[in-house]
Amino acid sequence: MATETSLEQRLTAVEQAVSDLQQRLAHLPTATNWLAHITGSFKDEPAFEEVLALGCAIRAADRPHDEADAQA
């Protein structure tokens with residue numbers, strides 16, 4: 001009998017927790033497209049242009065020599 005009471009108490013606690021989470025989620029703002037939000041945020045940023053150039057150089061250095069020559 002103690003097991004049933006314990007199980008009922010645990011189930012009640014879980015149901016209350018789910019209800020609390022649902023109420024919290026109801027008050028959150030709707031999700032926005034994060035990519036659309038940051039697109040263009042680095043426009044005209046010299047450091048970002050440098051990062052792009054360095055990334056390109058790293059990828060080129062990682063390619064096999066014959067593949068890099070074929071794409072040049």
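Helices here are DSSP runs of H or I with at least four residues, strands are E runs of at least two, and both are numbered from the N terminus. This is a predicted model, in which local features need pLDDT of at least 70 and side-chain atom pairs count only at pLDDT 80 or more, while totals for chains, interfaces and linings use all residues. Residues are numbered from 1 along each chain as its sequence is written, and side-chain values use heavy atoms, with hydrogens and water left out.

View 1. Reading from the N terminus, you get α-α-α-α. Of the 72 residues, 1% count as buried (buried is under 20% relative accessible area, exposed is over 50%, and partly exposed is in between, with a 1.4 Å probe and protein chains only). The accessible surface comes to about 7,000 Å², and 61% of that belongs to carbon and sulfur atoms (Shrake-Rupley method, 1.4 Å probe; for residues, only the protein chains shown count as cover).

**View 2. Confidence along the chain, given as pLDDT, the predictor's confidence in each residue from 0 to 100.** The protein averages 86, and 89% of its residues reach 70 or more. Confidence is highest in α3, at a mean of 93, and lowest in helix α4 (residues 65–71), at 64.

**View 3. The loop between α2 and α3, seen at T39.** T39 counts as exposed because its relative accessibility is 58%. Its side chain still reaches the backbone oxygen of L35, at 2.5 Å (a polar contact is a pair of N or O atoms within 3.5 Å; within protein, one must be able to donate a hydrogen and the other to accept it, and residues adjacent in sequence count only if both atoms are side-chain atoms).

**View 4. D44, in the loop between α2 (34–38) and α3 (46–62).** Here phi is near 65 degrees, a positive value in a residue other than glycine. With 68% relative accessibility, D44 counts as exposed.

**View 5. The one aromatic pair that a search of the whole structure finds.** F42 and F48 are stacked, 5.1 Å centre to centre with 15 degrees between the planes (rings of Phe, Tyr and Trp, the last by its six-membered ring, pair if their centres lie within 6.5 Å; planes under 30 degrees apart count as stacked, over 60 as edge-to-face and the rest as tilted). F42 is partly exposed at 47% relative accessibility, and F48 is partly exposed at 31%.
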